[in-house]
Amino acid sequence: STTMSGANGKAEAKGSIVGGGSAMREFMTAQACGVAYGASYTLVSHPFDTIKTKMQAQAGFSSGGTMSAIRTVMAKEGFGGLWKGLWPPMVGSILSRSVCFSAYAGPYAAMKGTPMEQEIPGTGGLQWRVLAGGLTSALARTVFETPLELIKVRKQTGQTFRWNELFKGSATTFLRTWGLMGSFFVMLDYSARYIPEVINAPLAGPFFKGGVIATAAWWLCWPFETIKSQVQAAQSVKGQADVGWMKLARDIIHEKGIVGLYRGIAPGTYRSLLGNGVGMLIFTKLQEELNKI
């Protein structure tokens with residue numbers, strides 16, 4: 001079967017991030033699975049995140065590629081330098097994945113049998129509740145993630161922070177997260193309905209959902225990730241502090257062209273493929289076990 005039965009309306013496609021249970025059950029299941037996803041994601045991907053952040057926002061790393069940045073960190077800080085600032089993103093990843101998956105699954109399941117379950121004309125079956133769930137997920141993740149991301153960026157770039165700065169960069173974090181989560185859930189929805197044999201394959205399926213789909217979503221919103229890092233590092237490409245995000249974008253394009261907005265995309269891609277692939281594998285296995293209860 002390629003579907004999971006629900007109480008009302010259409011059945012969910014097998015491989016969907018949301019099962020066919022009640023809104024509360026799906027909310028709690030996604031929350032628990034998100035905790036496991038967040039922890040495993042950070043453990044395997046943090047070194048690539050450190051390199052990505054340094055390439056985007058730290059003086060001395062604005063030129064050269066990924067391997068050059070890794071060699072510089074190893075020479076100056078040793079192996080431990082790749083794991084600098086681990087605990088804030090670990091806590092942030094556990095919270096944000098738990099929140100973002102449950103903030104999608106709960107509302108999505110709650111909208112079953114409502115007008116939001118209707119398909120958007122001309123989209124090949126995409127339902128309004130996929131977009132609504134992506135928005136609630138992005139809003140929830142932004143609130144939890146912004147302070148922890150700022151602490152992480154400051155630690156990774158060798159800077160300090162003040163408590164009144166914790167929500168600095170929240171606008172760019174939301175724009176980045178809305179693009180990320182919205183496109184992720186949309187692509188996942190299409191994949192579950194149109195290529196179920198890929199999405200449900202043992203081992204390869206979760207890696208496709210987490211690694212490939214999430215990485216594609218990251219590519220779509222990466223310019224906002226670059227800008228967010230510089231906003232939170234309080235350092236522009238011209239060495240100016242506390243520059244607005246729109247001016248930062250203009251400065252980056254002026255100095256380095258459009259490609260400058262994709263600074264750090266290589267380690268970011270490695271981070272996403274590995275971290276999200278492993279994270280979704282753990283998520284899927286735990287979800288299967290919880291759905292047996």
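In which helix is Thr50 found? Thr50 is in helix H1, which covers residues 23-57. Helices are DSSP runs of H or I with at least four residues, numbered from the N terminus.

## Basis of the model

This is a predicted model, in which local features need pLDDT of at least 70 and side-chain atom pairs count only at pLDDT 80 or more, while totals for chains, interfaces and linings use all residues. Residues are numbered from 1 along each chain as its sequence is written, and side-chain values use heavy atoms, with hydrogens and water left out.

Thr50 has a relative accessible area of 0%, so it is buried. Buried means under 20% relative accessible area, exposed means over 50%, and partly exposed is in between, for a 1.4 Å probe and protein chains only.

A polar atom of the Thr50 side chain lies 2.9 Å from the backbone oxygen of Leu82. Leaving aside neighbours within four places in sequence, Thr50 is in contact with Gly81, Leu82, Lys84 and Gln156. Contact means heavy atoms within 4.5 Å.

## H1 against H9

H1 packs with helix H9 (residues 265-290) at an angle of about 160°, and their axes are 8 Å apart. This angle makes H1 roughly antiparallel to H9. Axes are lines fitted to C-alpha atoms, for helices over the stretch in contact, and angles run from 0 to 180 degrees between N-to-C directions. Angles under 35 degrees count as roughly parallel, over 145 as roughly antiparallel, 65 to 115 as roughly perpendicular, and the rest as oblique.

In the contact of H1 with H9 there are 19 nonpolar, nine polar and four charged residues. Ala, Val, Leu, Ile, Met, Phe, Trp, Tyr, Cys and Pro count as nonpolar, Asp, Glu, Lys and Arg as charged, and the others, Gly among them, as polar.

## H3 against H5

Helix H3 (residues 87-110) packs with helix H5 (residues 170-194) at about 55°, with axes 12 Å apart. H3 is therefore oblique to H5.

On the H3 side, Cys100, Phe101, Tyr104 and Tyr108 meet Met181, Phe184, Phe185 and Asp189 of H5. By class, this contact has seven nonpolar, no polar and one charged residues.

## Thr226 in H7

Thr226 belongs to helix H7 (residues 204-233). Thr226 is buried, because its relative accessible area is 1%.

Not counting residues up to four places away in sequence, Thr226 touches Gln56, Ile252, Gly260, Leu261, Tyr262 and Arg263. Thr226 and Gly260 are 34 residues apart along the chain, and their C-alpha atoms are separated by 8.5 Å.

Technical notes. Helices (H or I, at least four residues) and strands (E, at least two) are DSSP runs, numbered from the N terminus. A polar contact is a pair of N or O atoms within 3.5 Å; within protein, one must be able to donate a hydrogen and the other to accept it, and residues adjacent in sequence count only if both atoms are side-chain atoms.
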